[in-house]
Amino acid sequence: AAGWSEPWIFADAGTRLPRGLVPSDRLVRRATRYFGWGNWFSMLNELLIAEPEADAYLLAEDDVLFCKGLRPYLERSLWPAERLGFVSLYAASHQDPGDARGFYDFDGSEGLWGSLALVFPSAAARMFVRHPRVVNHRLRGPRAGEADQDIVAGMWSASVGLPIFLHSPSLSQHIGETSAIWGKL
(Lines give C-alpha, C1' and ligand atoms only; values in the text may rest on other atoms or scores of the structure.)
Protein backbone atom coordinates (compact mmCIF):
# COMPACT_ATOMS: atom_id res chain seq x y z
CA ALA A 1 0.00 0.00 0.00
CA ALA A 2 3.02 2.32 0.43
CA GLY A 3 3.90 1.95 -3.26
CA TRP A 4 6.73 -0.56 -3.53
CA SER A 5 5.84 -3.93 -4.99
CA GLU A 6 9.25 -5.65 -5.17
CA PRO A 7 11.65 -4.48 -2.47
CA TRP A 8 15.06 -6.00 -1.97
CA ILE A 9 15.37 -7.99 1.27
CA PHE A 10 18.78 -8.29 2.97
CA ALA A 11 18.39 -10.95 5.66
CA ASP A 12 21.03 -11.44 8.32
CA ALA A 13 22.08 -15.03 9.05
CA GLY A 14 19.47 -16.92 11.04
CA THR A 15 16.59 -14.66 10.06
CA ARG A 16 13.35 -16.53 9.42
CA LEU A 17 11.30 -15.23 6.52
CA PRO A 18 7.75 -16.12 5.55
CA ARG A 19 7.58 -18.23 2.40
CA GLY A 20 6.92 -16.30 -0.78
CA LEU A 21 7.72 -12.97 0.86
CA VAL A 22 9.98 -11.78 -1.92
CA PRO A 23 11.16 -13.10 -5.29
CA SER A 24 14.46 -14.99 -4.94
CA ASP A 25 16.22 -12.52 -7.25
CA ARG A 26 15.46 -9.78 -4.68
CA LEU A 27 16.59 -11.74 -1.60
CA VAL A 28 20.11 -11.59 -0.19
CA ARG A 29 20.69 -14.03 2.69
CA ARG A 30 23.82 -13.52 4.75
CA ALA A 31 25.77 -16.71 5.50
CA THR A 32 27.21 -15.18 8.69
CA ARG A 33 25.83 -12.58 11.12
CA TYR A 34 26.49 -9.05 10.00
CA PHE A 35 24.37 -7.46 12.76
CA GLY A 36 22.60 -4.14 12.32
CA TRP A 37 25.44 -1.97 11.05
CA GLY A 38 27.10 -4.58 8.83
CA ASN A 39 23.89 -5.60 7.11
CA TRP A 40 22.75 -1.98 6.68
CA PHE A 41 26.09 -0.73 5.33
CA SER A 42 26.48 -3.77 3.05
CA MET A 43 22.92 -3.27 1.84
CA LEU A 44 23.67 0.27 0.68
CA ASN A 45 26.88 -0.83 -1.07
CA GLU A 46 25.09 -3.71 -2.81
CA LEU A 47 22.24 -1.47 -3.94
CA LEU A 48 24.76 0.97 -5.42
CA ILE A 49 26.19 -1.92 -7.44
CA ALA A 50 22.88 -3.60 -8.36
CA GLU A 51 20.99 -0.38 -9.18
CA PRO A 52 23.70 2.13 -10.22
CA GLU A 53 21.30 4.41 -12.13
CA ALA A 54 18.85 4.89 -9.24
CA ASP A 55 18.07 8.47 -8.25
CA ALA A 56 17.67 7.50 -4.60
CA TYR A 57 18.19 4.62 -2.20
CA LEU A 58 15.67 3.87 0.55
CA LEU A 59 17.07 1.74 3.36
CA ALA A 60 14.34 0.46 5.65
CA GLU A 61 14.42 -1.80 8.66
CA ASP A 62 12.13 -4.81 8.82
CA ASP A 63 9.87 -3.48 11.55
CA VAL A 64 8.60 -0.31 9.93
CA LEU A 65 5.07 0.54 8.90
CA PHE A 66 4.78 3.12 6.10
CA CYS A 67 1.83 5.37 5.43
CA LYS A 68 -0.36 4.49 2.45
CA GLY A 69 0.74 6.10 -0.82
CA LEU A 70 4.20 7.01 0.46
CA ARG A 71 6.09 6.38 -2.78
CA PRO A 72 3.94 8.69 -4.95
CA TYR A 73 4.18 11.35 -2.22
CA LEU A 74 7.98 11.08 -2.17
CA GLU A 75 8.19 11.16 -5.96
CA ARG A 76 6.36 14.52 -5.83
CA SER A 77 8.11 16.04 -2.81
CA LEU A 78 11.73 14.86 -2.81
CA TRP A 79 14.07 16.60 -2.47
CA PRO A 80 13.43 19.27 0.19
CA ALA A 81 16.78 20.96 -0.57
CA GLU A 82 19.23 21.03 -3.47
CA ARG A 83 22.06 19.71 -1.28
CA LEU A 84 21.40 17.22 1.49
CA GLY A 85 22.81 14.12 3.11
CA PHE A 86 19.60 12.14 3.41
CA VAL A 87 15.95 12.26 4.38
CA SER A 88 14.57 10.26 7.29
CA LEU A 89 11.01 9.06 6.85
CA TYR A 90 10.86 8.51 10.60
CA ALA A 91 10.84 11.24 13.21
CA ALA A 92 10.97 10.24 16.86
CA SER A 93 8.40 12.14 18.91
CA HIS A 94 11.04 14.28 20.63
CA GLN A 95 12.53 15.24 17.23
CA ASP A 96 9.23 16.49 15.82
CA PRO A 97 9.00 20.28 16.14
CA GLY A 98 5.23 20.02 16.44
CA ASP A 99 4.42 23.17 14.47
CA ALA A 100 6.02 22.13 11.18
CA ARG A 101 4.29 20.24 8.40
CA GLY A 102 6.34 18.55 5.72
CA PHE A 103 10.11 18.24 5.60
CA TYR A 104 12.22 20.17 8.06
CA ASP A 105 15.98 20.56 8.53
CA PHE A 106 17.35 18.54 11.45
CA ASP A 107 20.75 18.92 13.11
CA GLY A 108 22.13 15.38 13.16
CA SER A 109 25.36 16.24 14.96
CA GLU A 110 23.67 15.44 18.28
CA GLY A 111 22.55 12.09 16.94
CA LEU A 112 19.63 10.92 14.94
CA TRP A 113 17.21 8.50 16.60
CA GLY A 114 16.35 5.66 14.32
CA SER A 115 17.57 4.45 10.97
CA LEU A 116 14.15 2.97 10.31
CA ALA A 117 13.81 4.49 6.86
CA LEU A 118 16.51 6.70 5.35
CA VAL A 119 16.48 7.93 1.75
CA PHE A 120 19.85 8.89 0.26
CA PRO A 121 20.20 10.79 -3.00
CA SER A 122 22.51 8.81 -5.27
CA ALA A 123 25.47 11.21 -4.99
CA ALA A 124 25.21 11.37 -1.19
CA ALA A 125 25.00 7.56 -0.94
CA ARG A 126 28.25 7.27 -2.89
CA MET A 127 29.94 9.84 -0.63
CA PHE A 128 28.66 8.08 2.48
CA VAL A 129 30.03 4.61 1.66
CA ARG A 130 33.50 6.06 0.94
CA HIS A 131 33.85 8.28 3.99
CA PRO A 132 36.67 7.07 6.32
CA ARG A 133 34.63 7.50 9.50
CA VAL A 134 31.80 5.43 8.00
CA VAL A 135 34.09 2.75 6.59
CA ASN A 136 35.93 2.40 9.90
CA HIS A 137 32.84 2.23 12.11
CA ARG A 138 32.96 -1.58 12.24
CA LEU A 139 36.56 -1.40 13.52
CA ARG A 140 36.29 1.55 15.88
CA GLY A 141 32.62 2.15 16.65
CA PRO A 142 30.93 1.65 19.99
CA ARG A 143 29.35 -1.76 20.71
CA ALA A 144 32.03 -3.39 18.49
CA GLY A 145 30.68 -1.46 15.50
CA GLU A 146 27.65 -3.75 15.25
CA ALA A 147 24.99 -1.04 15.54
CA ASP A 148 24.38 2.72 15.52
CA GLN A 149 23.73 3.27 11.82
CA ASP A 150 21.49 6.22 12.77
CA ILE A 151 24.29 7.88 14.76
CA VAL A 152 26.91 7.19 12.08
CA ALA A 153 24.66 8.63 9.36
CA GLY A 154 23.87 11.73 11.41
CA MET A 155 27.49 12.39 12.34
CA TRP A 156 28.61 11.81 8.73
CA SER A 157 26.07 14.29 7.42
CA ALA A 158 27.14 16.94 9.94
CA SER A 159 30.85 16.34 9.26
CA VAL A 160 30.49 16.83 5.49
CA GLY A 161 28.11 19.77 5.85
CA LEU A 162 25.07 18.13 4.27
CA PRO A 163 21.78 18.69 6.08
CA ILE A 164 19.36 15.98 7.16
CA PHE A 165 15.64 16.38 6.69
CA LEU A 166 12.89 14.73 8.70
CA HIS A 167 9.17 14.90 8.06
CA SER A 168 6.35 16.01 10.30
CA PRO A 169 4.23 14.11 10.85
CA SER A 170 6.43 11.03 10.69
CA LEU A 171 5.87 9.05 7.48
CA SER A 172 6.69 5.75 9.15
CA GLN A 173 6.16 4.05 12.46
CA HIS A 174 8.36 1.64 14.39
CA ILE A 175 6.28 -1.48 15.09
CA GLY A 176 8.93 -3.96 16.26
CA GLU A 177 9.00 -5.51 19.69
CA THR A 178 12.38 -7.24 19.34
CA SER A 179 15.73 -6.19 17.97
CA ALA A 180 18.67 -8.08 16.51
CA ILE A 181 20.87 -5.78 18.59
CA TRP A 182 18.95 -5.38 21.86
CA GLY A 183 16.65 -8.41 22.06
CA LYS A 184 13.31 -7.49 23.64
CA LEU A 185 12.46 -3.78 23.52
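**Close-up 1. Lining of the second largest pocket in the predicted model.** The residues that line this pocket are Pro132, Arg133, Asn136, His137, Arg140, Gly141, Pro142, Asp148, Ile151, Val152, Met155 and Trp156. Two or more of the lining residues come from each of helix H4 (132-135), helix H5 (137-140) and helix H6 (149-160). H6 gives the most, with four residues. Sorted by class, the lining of the second largest pocket holds six nonpolar, three polar and three charged residues. The volume of the second largest pocket is about 160 Å³.

**Close-up 2. Packing of helix H3 (residues 122-130) with H6.** The two helices pack at an angle of about 105°, and their axes lie 11 Å apart. H3 is therefore roughly perpendicular to H6, since angles of 65 to 115 degrees are placed in that class. On the H3 side, the contact is made by Ala124, Met127 and Phe128. On the H6 side, Val152, Ala153, Trp156 and Val160 take part. The residues of this contact comprise seven nonpolar, no polar and no charged.

**Close-up 3. Asp25 in the loop between strand E1 (9-11) and strand E2 (27-29).** Asp25 has a relative accessible area of 56% and is therefore exposed, the cut-off for that class being over 50%. Asp25 and Trp8 are 17 residues apart along the chain, and a distance of 8.5 Å separates their C-alpha atoms.

Note on methods: Residues numbered from 1 in each chain as written. Predicted model: local features only at pLDDT ≥ 70, side-chain atom pairs only at ≥ 80, totals over all residues. Heavy atoms only, no water. 1 Å grid on protein atoms, 1.4 Å probe; cavity = no way out; pocket = protein on both sides within 12 Å on 5 of 7 lines; lining within 4 Å. Points joined across faces, edges and corners; volume = space filled by probe spheres on them. Nonpolar A, V, L, I, M, F, W, Y, C, P; charged D, E, K, R; others polar. Axes fitted to C-alpha atoms, helices over the stretch in contact; angles between N-to-C directions. Parallel < 35°, antiparallel > 145°, perpendicular 65-115°, else oblique. Contact = heavy atoms within 4.5 Å. Buried < 20%, exposed > 50% of the residue type's maximum accessible area, 1.4 Å probe, protein only.
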